[in-house]
Amino acid sequence: MAELTSLTLKAALDGLKAKTFSSVELTQAHVAAVEAARALNAFVLETPDKALEMARASDARRAAGQAGPLDGAPLGIKDLFCTEGVRSTAGSKIIGEFKPTYESTVTANLWRDGAVMLGKLNMDEFAMGSSNETSAWGPVVNPWRAQGGNAQLTPGGSSGGSAAAVAAELCLGATATDTGGSIRQPASFTGTVGIKPTYGRVSRWGIVAFASSLDQAGPMARTVEDTAILLKSMAGHDPNDSTSLPVETPDFPAFVGKSVKGLRVGVPKEYRVDGMPPEIEKLWEQGIAWLREAGCEIVEVSLPHTKYALPAYYIVAPAEASSNLARYDGMRYGLRVEGGNLTDTYEKTRAEGFGAEVKRRILIGTYVLSAGYYDAYYLKALKVRRRIADDFDQAFEKVDALLTPTAPSAAFALGDKSDDPVAMYLNDIFTVTVNLAGLPGMSVPAGVDANGLPLGLQLIGRALDEGTLFSLGGALEKAADFRAKPQKWW
């Protein structure tokens, strides 16, 4: 059964179409893989009975000639997505045993196209974190290990469960979300592919909110083509989400494999930061060479406000979070800790229900929105955000896409940075600009470091031009020929 779990999504869909195996057989293989990999802590809830029920329904549809584009494919769902009748916690104690009475638009789209749900994936609490150590369910362990080392590594965050499950071949693909790099950084840390689409390309309805103007859902998978297949199903206009863009969804898989000859690719000089490991610098140069060989023209560009992106992000995101998380008060659902009066109940519930990182961000957010500091911090951050978006607009007058590193390092050991919030926040240095500007960004595995750990390269595109990213991502993937896999220890 192991060979079924090592298939790409595309190969699995082709096998189902050719009736080489059934969805039930494919799903059983993945259910067994999930059970055998509990040491990774990638899943916070396994739904094997539901998965097999969905697989049987898929096989019946296929027999009747009514198969959808994803029919029979077993996927993992990040626990930020509400799933009807299935516990959804956003990695937080405060939501408790909440079972939504509705389905998020993204997951509804996946089920419409025939996908199978294996369970809910672990994540940083409310998607706040870069190492999947803030989860109320405990940290996710990266399936990769450094050569000659035994330390447990982070899979990145906040979509650590999604990244680990895809890398360990527990599912054919996974849903994830990205507020400041939470799809792309975990993809880089686990040797997987992840794309954050343009803001508004994918509906946020039914996804637990962190920072509403930055959050965007996207797929993680083992190949560029697989992410294109998943994004085609996930995307689409949704009247339930006022920020959802009323645009047609392109045939994303058709862009993979297209010639990139003649495309102009920008290299932003501001992304060459002090203290960047030489391996990442070298990989970036290699990526530039690969795209040049594929026929791209390489152009140096400037994004002058890049150095202000991280501080601006860590004002805007916590500000929105403090507002969004005000709703968790123990009144209607989730955890409730009784106090002597109403205010006491609120305080005790929130003190016990939220983890340390979430409390830190609520405090920062409330502070920057307070009467005396709104203009000095929040308003200034919004102005910087506009300048960052303008930088990209000017760059895209000269080029079709940008190439940068995804993360400033390979995966680090669990516990290494958990006591140093600033060091943890620096993980997002190459990714937050994309969210602040609402642009699409993709991470493609491109090599390994001296310890044999994966490293990714990031492609950034114009708004609503994910197609060009899929073409360039396919070219990078072909040139890099990344075949390394984690050695199974779990």
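The radius of gyration I will quote is taken over C-alpha atoms, and the globule rule used beside it is 2.2 Å times the number of residues to the power 0.38. Please keep in mind throughout that this is a predicted model.

With that rule, a compact globule of 490 residues would have a radius of gyration near 23 Å, and since the protein has 21 Å, the two agree. The C-alpha atoms, taken along the principal axes, fill a box of roughly 65 × 55 × 50 Å. If we look at contacts between residues at least 6 apart in sequence, 76% of them join residues at least 24 apart. Buried residues make up 60% of the 490 residues, while the protein as a whole exposes about 18500 Å², of which carbon and sulfur atoms supply 52%.

Let me turn to one part of that surface. Leu369, Tyr374, Leu379 and Leu382 together form a nonpolar patch with about 270 Å² of accessible area. Which helix gives the largest share of the patch? That is helix H13, residues 374-395, which contributes three residues. Leu379 lies in this helix, and its relative accessible area is 30%, so Leu379 counts as partly exposed.

Most residues other than glycine have a negative phi, and most peptide bonds are trans.

Against that background, where does the model place a cis peptide bond? The bond joins Gly157 and Ser158, with omega at about 5°. Ser158 belongs to the loop that runs between strand E3, residues 116-121, and helix H6, residues 160-167.

Is Ala127 buried or exposed? Its relative accessibility is 3%, and because buried means under 20%, Ala127 counts as buried.

Asn41 likewise is not a glycine and has a positive phi, in this case about 60°. Asn41 sits in the loop between helix H3, residues 23-36, and strand E1, residues 43-46. Here the relative accessibility is 22%, and therefore Asn41 counts as partly exposed.

Technical notes:
Residues are numbered from 1 along each chain as its sequence is written. This is a predicted model: local features need pLDDT of at least 70, side-chain atom pairs count only at pLDDT 80 or more; totals for chains, interfaces and linings use all residues. Side-chain values use heavy atoms; hydrogens and water are left out. Patches are made of residues with over 30% relative accessible area and no salt bridge: like charges are joined within 9 Å, nonpolar side chains (Val, Leu, Ile, Met, Phe, Trp, Tyr) within 5 Å. Accessible areas come from the Shrake-Rupley method with a 1.4 Å probe; for residues, only the protein chains shown count as cover. A salt bridge is a side-chain nitrogen of Lys or Arg within 4 Å of a carboxyl oxygen of Asp or Glu. Helices (H or I, at least four residues) and strands (E, at least two) are DSSP runs, numbered from the N terminus. Buried means under 20% relative accessible area, exposed over 50%, partly exposed in between (1.4 Å probe, protein chains only). Contact means heavy atoms within 4.5 Å.
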